[in-house]
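The paragraphs below lead through one protein model, from its overall make-up to individual residues. Please keep the sequence and the structure in view while reading.

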Amino acid sequence: MKNFDKGTLIRTLALVLALANQIFAIFGVEQLPIDEDQINTFVELGYQLFSVAATSVAALIAWFENNYITKKGKAQKEALQKEGLTK
């Protein structure tokens, strides 16, 4: 999925929905009431949610790694302070 650009993903989803719509039409089932704007909105929402999640995870990792939270981190901070290498 990471090799797909946004346009490819939208076109693929549109193709899948169009094929499903054709299959439903063949069997007399009511067709899907979905238009292109709804698909674009759904893809945009998915992209935004993924972006927020990735940013949040990266921020938490960076915060955890750059602060002296664990026992090892506290020991490192004490060693740095002892040598006068930190404020």
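The protein holds three helices and zero strands, where helices (H or I, at least four residues) and strands (E, at least two) are DSSP runs, numbered from the N terminus. Along the sequence, the elements follow the pattern α-α-α. This is a predicted model, in which local features need pLDDT of at least 70 and side-chain atom pairs count only at pLDDT 80 or more, while totals for chains, interfaces and linings use all residues. Residues are numbered from 1 along each chain as its sequence is written, and side-chain values use heavy atoms, with hydrogens and water left out.

The predictor's confidence in each residue is given by pLDDT, on a scale from 0 to 100. The protein averages a pLDDT of 80, and 90% of the residues score at least 70. Among its elements, H1 has the lowest mean pLDDT, 80, whereas H3 has the highest, 86. Where pLDDT is low, the predicted coordinates should not be read in detail.

Of the 87 residues of the protein, 5% count as buried; buried means under 20% relative accessible area, exposed over 50%, and partly exposed in between (1.4 Å probe, protein chains only). The accessible surface comes to about 7,800 Å², of which 64% belongs to carbon and sulfur atoms; such areas come from the Shrake-Rupley method with a 1.4 Å probe, and for residues only the protein chains shown count as cover.

Helix H1 covers residues 6-26. Within H1 lies Arg-11, which counts as exposed because its relative accessibility is 55%. The C-alpha atom of Arg-11 is separated by 9.8 Å from that of Glu-36, 25 residues apart along the chain.

Ile-26 also belongs to H1 and, at 68% relative accessibility, counts as exposed. Together with Ile-23, Phe-24, Phe-27 and Val-29, Ile-26 forms a nonpolar surface patch with about 540 Å² of accessible area. After H1 comes Gly-28, whose phi is positive, near 75°.

Further along, Asn-67 sits in the loop between helix H2 (36-65) and helix H3 (71-82), and it is partly exposed, with a relative accessible area of 32%. The C-alpha atoms of Asn-67 and Lys-77, 10 residues apart along the chain, are separated by 9.3 Å. For H3, the 12 residues should span 16 Å at 1.5 Å a residue, which agrees with the 16 Å between its end C-alpha atoms. H3 is followed by Gly-84, whose phi is positive, near 75°.

Terms used. The expected span of a helix is 1.5 Å times one less than its number of residues. Patches are made of residues with over 30% relative accessible area and no salt bridge: like charges are joined within 9 Å, nonpolar side chains (Val, Leu, Ile, Met, Phe, Trp, Tyr) within 5 Å. A salt bridge is a side-chain nitrogen of Lys or Arg within 4 Å of a carboxyl oxygen of Asp or Glu.
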